[in-house]
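Subject: Handing over the structure

Hi,

Here is the structure I promised to pass on to you.

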Amino acid sequence: MILFLRKPISPTHKGDTVYVNVYNEGAYGVTIHWHGVKQPRNPWFDGPEYITQCPIAPGTNFTYTVLLSSEEGTLFWHAHSDWTRATVHGAIVILPAEGTTYPFPQPDAEQTLIFASWYKEDVQTLMEEALKYGGLTVLSDSYAINGEPGDFYDCSNETTFRLKVDYGKNLSPTLSEYGTKHRPVLRHS
Ligand SMILES: [Cu+2]
């Protein structure tokens with residue numbers, strides 16, 4: 001199992017160039033994909049292993065150059081090597097360019113939420129089973145919010161992600177999950 005910080009890469013602004021030095025302290029080679037970032041004329045830092053780069057070997061590091069262009073809001077990054085993406089992922093929060101604002105009123109607070117499938121079994125073992133039998137042998141055991149599967153699981157009943165929302169305040173949750181990106185505003189009143 002690869003452990004990696006599930007933290008947003010921020011603060012960064014629309015149009016910035018971001019340098020991310022990835023240290024692989026896990027047991028498998030890994031690459032990182034910047035999901036939804038167009039990376040114009042910069043495919044060598046886009047992540048698919050053995051297509052645009054070799055995996056970052058365990059115990060080594062690699063610095064990605066991430067070119068932000070028209071992106072604004074919340075995207076996410078994830079590993080792009082075998083099933084390491086199941087546990088290696090996080091959010092990229094891209095603020096509006098300096099001197100500009102999002103096309104909606106400034107909320108009172110913002111909170112990044114990351115949804116993911118959660119497996120009890122080692123995901124690398126699951127991938128090998130899927131390759132052998134032609135499909136997934138199990139569905140995920142749970143979904144996780146910010147890396148925590150919730151109160152029904154002993155491993156997180158002390159650390160389940162909880163969010164307190166003050167009555168009458170506007171909260172802007174920035175949501176990241178596979179294949180989609182959203183930026184809804186919840187109005188709690
Ligand atoms: Cu992706």
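Below is what I found, starting with the overall layout and ending with a few single residues.

First, some ground rules. This is a predicted model, so local features need pLDDT of at least 70, side-chain atom pairs count only at pLDDT 80 or more, and totals for chains, interfaces and linings use all residues. Residues are numbered from 1 along each chain as its sequence is written.

**Overall layout**

The protein chain has one helix and 11 strands. Helices (H or I, at least four residues) and strands (E, at least two) are DSSP runs, numbered from the N terminus. Reading from the N terminus, the order is β-β-β-β-β-β-β-α-β-β-β-β.

Of the 189 residues in the protein chain, 24% are buried. Buried here means that 20 or more other C-beta atoms lie within 10 Å of the residue's own; exposed means 12 or fewer, and partly exposed is in between, with C-beta atoms placed from the backbone. As for contacts (C-beta atoms, placed from the backbone, within 7 Å), 66% of those in the protein chain with a separation of 6 or more link residues 24 or more positions apart.

pLDDT is the predictor's confidence in each residue, from 0 to 100. The protein chain averages 81, and 86% of the residues score at least 70. Among the elements, E4 has the highest mean pLDDT (93), while strand E10 (residues 180-182) has the lowest (35). Two stretches call for a note. Over residues 1-7 pLDDT stays under 50, and the model has 16 contacts beyond four places in sequence for them. Residues 178-189 also stay under 50, with 22 such contacts in the model.

E3 pairs with strand E5 (residues 73-79) in the antiparallel sense over four bridges; two strands pair if DSSP finds at least two bridges between them. Across that pairing, His35 stands opposite Phe76 in E5.

E5 is also joined to E6, by six bridges, and these two strands run antiparallel. There, Leu75 has Ile92 in E6 as its bridge partner. Five of the seven residues of E6 are buried, so E6 is largely enclosed by the rest of the structure.

**The core**

Which residues touch the most other members of the largest nonpolar core? They are Trp34, Val66, Trp77 and Ile92, in a core of 20 residues. The elements giving two or more residues to this core are E3, strand E4 (61-67), E5, E6 and strand E7 (109-118). By nonpolar core I mean a set of buried Ala, Val, Leu, Ile, Met, Phe, Trp, Tyr and Cys residues joined through C-beta atoms within 7 Å. Setting aside residues up to four places away in sequence, Val66 touches Val18, Val20, Trp34, Val37 and Phe45.

**Some single residues**

Asn61 lies in strand E4 and is exposed, with 11 other C-beta atoms within 10 Å. Asn61 and Tyr23 are 38 residues apart in sequence, yet 4.3 Å apart C-alpha to C-alpha. Beyond four places in sequence, Asn61 touches Asn21, Val22, Tyr23, Asn24 and Ile56.

Asp82 sits in the loop between E5 and strand E6 (89-95). Is Asp82 exposed or partly exposed? Asp82 is partly exposed, because 18 other C-beta atoms lie within 10 Å. Leaving aside neighbours within four places in sequence, Asp82 is in contact with Tyr28, Gln124 and Met127.

Gln111, in strand E7, is partly exposed with 15 C-beta neighbours inside 10 Å. The C-alpha atoms of Gln111 and Pro173 are separated by 4.7 Å, though the two are 62 residues apart along the chain.

Last, the backbone. Most residues other than glycine have a negative phi. Tyr50, which is not a glycine, has a positive phi of about 65 degrees; Tyr50 is in the loop between E3 and E4 and counts as exposed, with 10 C-beta neighbours inside 10 Å. Asn146 is not a glycine either, and has a positive phi of about 50 degrees. Asn146 is in the loop between strand E8 (142-145) and strand E9 (170-177).

Over to you!

Technical notes: Contact = placed C-beta atoms within 7 Å.
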